[in-house]
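Work through the exercises below with the model open beside you, and try each task before reading its solution.

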Amino acid sequence: MSRVLVYCAMSVDGFIAGPGDDIAWLEAPRPSWAPTANGPWAEDRATEGVEYDDFFAGIGAMLMGRRTFDVVHGMGEWFYGDTPVIVATGRPLPPDPGVPASVTTASAPIANLVAEALEAAGERNVYLDGGSLIRQALDADLIDEMVVTIHPTILGAGHPLFAGAEQRHMVTVNEVRRFGEGLVQLVMHPARRPVDHSPVPAYGGPAGADAADAGALGHA
């Protein structure tokens, strides 16, 4: 079954980009006195994280926020091949030959956008990208798994990943991995209340009871 996935990096204080959509800090060289990791974690190869290319190999469609699209488009290189990309926006995309035909736009409630992306993905997964879009999908309980890599940098300001969600969310951590030069990659999923799928008895009583119990249950 197709799943809705998040794969992104954030600073220690929870930002996916600095002010002005700055993401250069993600790959900026660091001085020798500020390594990304030290000690046993720096040498741990037993918990190697999932690289982007391996993650993207299972993606059938992307649902991308407009700000994210504008940042990526401004880089002058398209990173997603011919994978269908739906940009959540009510504004037209720039009339630019650099925008491939695989990119379309849609403006609708988040549940409709995710449904459209799942349909486009077929039997593969949907990659959800963009802080605002991720928060909306999280609030609507539409995300199945999040792979978040924590970069050992504190930005102090910028564009948040989770801050601004409309409600509190409990998440379950499945794995903690080492990524690249000692970054920390968390694989987690939003916790969901179990759903009772027991069949409803023909006489209308609670699942698990039989007809003989019906008289003792009373009537509302």
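Residues are numbered from 1 along each chain as its sequence is written, and side-chain values use heavy atoms, with hydrogens and water left out.

**Exercise 1. Find the mean pLDDT of the protein, and then examine residues 213–220.**

Step 1: the mean pLDDT (the predictor's confidence in each residue, from 0 to 100) is 89, and 91% of the residues reach 70 or more.
Step 2: over residues 213–220 the pLDDT is below 50, and this stretch has 3 contacts (heavy atoms within 4.5 Å) beyond near neighbours in sequence.
Step 3: where pLDDT is low, the predicted coordinates should not be read in detail.

**Exercise 2. Describe the largest pocket by its volume and its lining.**

Step 1: on a 1 Å grid over the protein atoms alone, a pocket is an open set of points where a 1.4 Å probe fits, with protein on both sides within 12 Å along at least five of seven lines, and lining residues have an atom within 4 Å of a point.
Step 2: the volume, meaning the space filled by probe spheres set on the points, is about 1300 Å³ for the largest pocket.
Step 3: its lining consists of 42 residues, and those nearest the centre are Cys8, Ala9, Ile16, Ile23 and Leu26.
Step 4: by class, this lining has 21 nonpolar, 11 polar and 10 charged residues, and helix 5 gives the largest share, 6 residues.

**Exercise 3. Which residues of helix 5 are buried, and what follows the helix?**

Step 1: helices here are DSSP runs (H or I, at least four residues), and strands are runs of E with at least two.
Step 2: just after the helix, Asp141 takes a positive phi of about 60 degrees.
Step 3: Leu138, Asp139 and Asp141 are also among the residues that line the second largest pocket, whose volume is about 210 Å³.

**Exercise 4. How do strand 9 and strand 10 run, and how many bridges join them?**

Step 1: two strands pair if DSSP finds at least two bridges between them.
Step 2: strand 9 (residues 171–179) and strand 10 (residues 183–190) are antiparallel and are joined by 8 bridges.
Step 3: Phe179 has Leu183 in strand 10 as its bridge partner.
Step 4: the hairpin has 3 residues between the strands, and in it Gly180 takes a positive phi near 60 degrees.

Definitions and conventions: Predicted model: local features only at pLDDT ≥ 70, side-chain atom pairs only at ≥ 80, totals over all residues. Nonpolar A, V, L, I, M, F, W, Y, C, P; charged D, E, K, R; others polar.
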